[in-house]
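Welcome, and thanks for taking a look at this model. Please have the sequence and the 3D view open side by side as you read.

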Amino acid sequence: MDNLIDILPVKYRKYNVTKIESGASRRFFYRLFYNNHSVICIDSSKEQENYKKFLKVYKYLSKINISTPEIYETNNNYNIIILEDFGKQRFDKILSKYPLKKLLHYAVDTLLVINKEMTNNINLQKYNFQIFKSEISELIEYYYPYVFKKKAEKNIVDEFFHMWKESYKSMDFDFSNFVHKDFNINNLMYLSNRKNHLKCGVLDFQNAFLGENCWDLFSLLEDSRVMFNNKFNNYFLKYYYKNLNQKCSFNEFKEKYYFLSSSRQTRLLGRWIKLSIDLNQKWYLKFIPTTKKRLIFGINNLNNKNLKSWYNKIIF
């Protein structure tokens, strides 16, 4: 922190500094405060690419009618960003204080604005099968050996990738939509003084890509870190579908939603193991039960006998 103060813009050097938790990120987050004013500092000195991607995606999001923190200062020499402080009311911290349906509504309405107002001229990586395959492989590489204390046999691995590939090829995907990617409740802030959907502040968007427009919806409703009640899922699925004027039928939209959600939960089962090993942080393992419940829910909502059979036989 002493080094940070030396490279901050002069007007912020009299501010007090406290560190904010950063999870698995190699970035460092700080709250700078003086009298009644505070800002957030993101130190990306160890993640230059994420620094560039954050600024790039910010340019897109700052032009549409949603709440993203305003950037006040940047320092390209040290990859430092000074931006608006959205406070401490993170969605996952306030679930017991506010009606869940209301919080989710602010977030879903924000997603609708993003999908309606975001320009088609977006220069971001497009999701594809190779990315998909690399993501689901984390279950085989990390989760399977963790549970069974051995590597998966070749026939199990071959069947796993074959059924996912065939299922993927059967889907009519549209990977042309802006996707935040990590639209989870731990990246959303409650801004009580704003109106309607602007009460939902959106953070951590540097990993955005082009993909299916249902992705951020299941990131929100099927959050693998917090097992909040899913009794509103069908309501928001229908609400989102209706207000986006989708070209596909609702059943097709729902199938894509649960297919991609299940693939993401598949990846996360392996990802929690990987992070716990790589970072020597065993607390990541506490997310496994919730992720598994979300995965069971997603697989059982799919119209896919092969996936259901494999997961019920091997994982569940």
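## Two asparagines with positive phi

Asn79 sits in the loop between β4 and β5. This is a predicted model, and in it the phi of Asn79 is near 55°, a positive value in a residue other than glycine. Is Asn79 buried or exposed? Asn79 is buried, because its relative accessible area is 7%, under the 20% cut-off.

Now turn to Asn196, in the loop between β7 (188–190) and β8. Asn196 also has a positive phi, near 50°, and is likewise a residue other than glycine.

## Strand β3 and its two partners

Strand β3 covers residues 37–43, and five of its seven residues are buried, so the strand is largely enclosed by the rest of the structure. With β2, strand β3 pairs in the antiparallel sense over seven bridges. The hairpin of β2 and β3 has two residues between the strands, and Asn35 in this hairpin takes a positive phi near 55°.

Strand β3 is also joined to β5 (residues 80–84), by five bridges, and these two strands run antiparallel. Leu32 stands opposite Val39 of β3, while in β5 the bridge partner of Val39 is Glu84. As background for viewing such strands, side chains in a regular strand alternate between the two faces of the sheet.

## Arg27, a buried charged residue

Arg27 is found in the loop between β1 (16–20) and β2 (28–34). With a relative accessible area of 4%, Arg27 is buried, because buried means under 20%. What does the side chain of Arg27 meet in a salt bridge? The partner is the side chain of Asp204, at 2.6 Å from N to O. This pair links distant parts of the chain: Arg27 in the loop between β1 and β2, and Asp204 in the loop between β8 (200–202) and β9 (209–211), 177 residues apart. Asp204 itself is partly exposed, with a relative accessible area of 22%.

The side chain of Arg27 also makes a polar contact of 3.4 Å with the side chain of Gln206. Leaving aside neighbours within four places in sequence, the residues in contact with Arg27 include Ile42, Asp43, Ser44, Glu47, Asn50 and Phe54. Ser22 is in contact with Arg27 too, as are Asp204 and Gln206.

## Other salt bridges

Side chains of opposite charge can pair when their charged atoms come close. How many salt bridges does the model have? The count comes to 16. One of them joins the side chains of Glu73 and Lys11, at 3.3 Å from N to O. That pair links distant parts of the chain, with Glu73 in strand β4 (residues 71–75) and Lys11 in the loop between α1 (2–7) and β1, 62 residues apart. Glu73 is partly exposed, at a relative accessible area of 24%.

Another salt bridge is formed by Lys169 and Glu166, whose closest N and O atoms are 3.6 Å apart. Both residues lie in helix α5 (residues 154–169), three residues apart, which is about one turn of the helix. Lys169 counts as exposed at 54% relative accessibility, whereas Glu166 is partly exposed at 36%. There is also a network of salt bridges to trace, which links Glu135, Glu138, Arg267 and Arg271.

Tyr146 has its place in helix α4 (residues 129–148). Tyr146 is partly exposed, with a relative accessible area of 36%. Together with Val147 and Phe148, Tyr146 forms a nonpolar patch on the surface, and the three have about 240 Å² of accessible area together.

For a contrast, go to Asn233 in helix α7 (residues 233–244). Asn233 is buried, because its relative accessible area is 2%, and the cut-off for buried is under 20%. Which residues does Asn233 touch, not counting those up to four places away in sequence? They are Leu221, Glu222, Tyr257 and Phe297.

Technical notes. Residues numbered from 1 in each chain as written. Predicted model: local features only at pLDDT ≥ 70, side-chain atom pairs only at ≥ 80, totals over all residues. Heavy atoms only, no water. Patch = residues over 30% accessible without salt bridge, like charges linked within 9 Å, V, L, I, M, F, W, Y side chains within 5 Å. Areas by Shrake-Rupley, 256 points an atom, 1.4 Å probe, with all protein chains shown as cover. Salt bridge = Lys/Arg side-chain N within 4 Å of Asp/Glu carboxyl O. Helix = DSSP H or I, 4+ residues; strand = E, 2+ residues; numbered from the N terminus. Buried < 20%, exposed > 50% of the residue type's maximum accessible area, 1.4 Å probe, protein only. Polar contact = N/O pair within 3.5 Å; in protein donor to acceptor, adjacent residues only side chain to side chain. Contact = heavy atoms within 4.5 Å. Pairing = 2+ DSSP bridges.
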